[in-house]
Amino acid sequence: MLAWDRGWRREARAAWLCGLALAGVLTAIDLGRGGFGWPHGCCWAALGATLVLVLRPARITAGDGWLASRGLLRERRVRTDLLTRIRRADGMAPRLVLMDITGGRVELDPQVLADNPLLWHHLDAGARLARERGVLLEGAGVLTALAERIDGEGARRLLSSAKISPSGD
């Protein structure tokens, strides 16, 4: 069964809208000033396109034993049942870095896994297999912490949708 990031289309659409809005605003300002010309129009279109390229998220998909991230130019894929390392790179945008035996490497936002239970299930099932096989050398703690966070968020969502308070009130 194939799983994918359900929020990708919304985020990709938002990236396109931001790029178009930037190009539109810059063009409108140029037209208002009376200095619009083709060189300026091409420059504003290039700036808008650059913003789309920067903001457009990678498309994350997963299946039995694999997880993939498709960017603009290429797809990166890892075998989740052959993972050797899982690292968390914190910073402005936290990233989860997955590496497998074959040299595959995928980076993704951990929030994508929290928002998409099927993606999380495929990664978790594959990582458990890798751990059982003794292949997963680094990152079991990162995976455990992520599992606790994702499972905790899922439980809170379930309880709130059932109108039950987590504290039992």
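A residue counts as buried when its relative accessible area is under 20%, as exposed when that area is over 50%, and as partly exposed in between (1.4 Å probe, protein chains only). Asp81 falls in the buried class, at 9%. The model described here is a predicted one, in which local features need pLDDT of at least 70 and side-chain atom pairs count only at pLDDT 80 or more, while totals for chains, interfaces and linings use all residues. Residues are numbered from 1 along each chain as its sequence is written, and side-chain values use heavy atoms, with hydrogens and water left out.

Let's start with the sheets. Helices (H or I, at least four residues) and strands (E, at least two) are DSSP runs, numbered from the N terminus, and two strands pair if DSSP finds at least two bridges between them.

Contact here means heavy atoms within 4.5 Å.

E2 itself is mostly covered, with 4 of its 5 residues buried. On the E3 side, E2 is joined by 5 bridges, and the two strands run antiparallel. Ala62 turns up again in this pairing, standing opposite Leu67 in E3. The two strands form a hairpin with 2 residues between them, and Gly65 in the turn has a positive phi of about 85°.

A second open sheet is built from 3 strands in the order E5-E6-E7, and its pairing is antiparallel too. Strand E5 (83-89) and strand E7 (105-108) take the edge positions, each with a single partner strand, so one side of each goes without a neighbour in the sheet. Neighbouring strands in this sheet are turned by 15° against each other on average, direction ignored. Strand E6 (residues 95-100) runs antiparallel to E7 and is joined to E7 by 4 bridges. Within this pair, Val97 stands opposite Glu107 in E7. H4 shows up on this sheet as well, touching E5 and E6, and its direction makes about 125° with that of E5.

Next come the charged side chains. A salt bridge is a side-chain nitrogen of Lys or Arg within 4 Å of a carboxyl oxygen of Asp or Glu, and the structure holds 9 of them. One joins Asp30 to Arg33, at 3.5 Å from N to O. Both belong to helix H1 (residues 8-33), where being 3 residues apart puts about one helical turn between them. Asp30 is buried, with a relative accessible area of 2%, whereas Arg33 is exposed at 64%.

Arg79 forms another salt bridge, with Asp81, and the closest N and O atoms there are 2.8 Å apart. Arg79 is partly exposed at 38% relative accessibility, while Asp81 is the buried residue from the opening paragraph. Glu138 and Arg85 also meet through their side chains, at 3.5 Å from N to O. Glu138 lies in the loop between H4 and helix H5 (140-161) and Arg85 in strand E5, so this pair ties together parts that are 53 residues apart in sequence. Both ends are partly exposed, Glu138 at 34% and Arg85 at 37%. Elsewhere, salt bridges link Arg70, Glu75 and Arg77 into a network.

Trp16, Leu17 and Leu20 make a nonpolar surface patch of about 360 Å². Patches are made of residues with over 30% relative accessible area and no salt bridge; like charges are joined within 9 Å, and nonpolar side chains (Val, Leu, Ile, Met, Phe, Trp, Tyr) within 5 Å. The accessible areas come from the Shrake-Rupley method with a 1.4 Å probe, and for residues only the protein chains shown count as cover. Leu17 is found in helix H1 and is exposed, with a relative accessible area of 53%.

Terms used: Axes fitted to C-alpha atoms, helices over the stretch in contact; angles between N-to-C directions.
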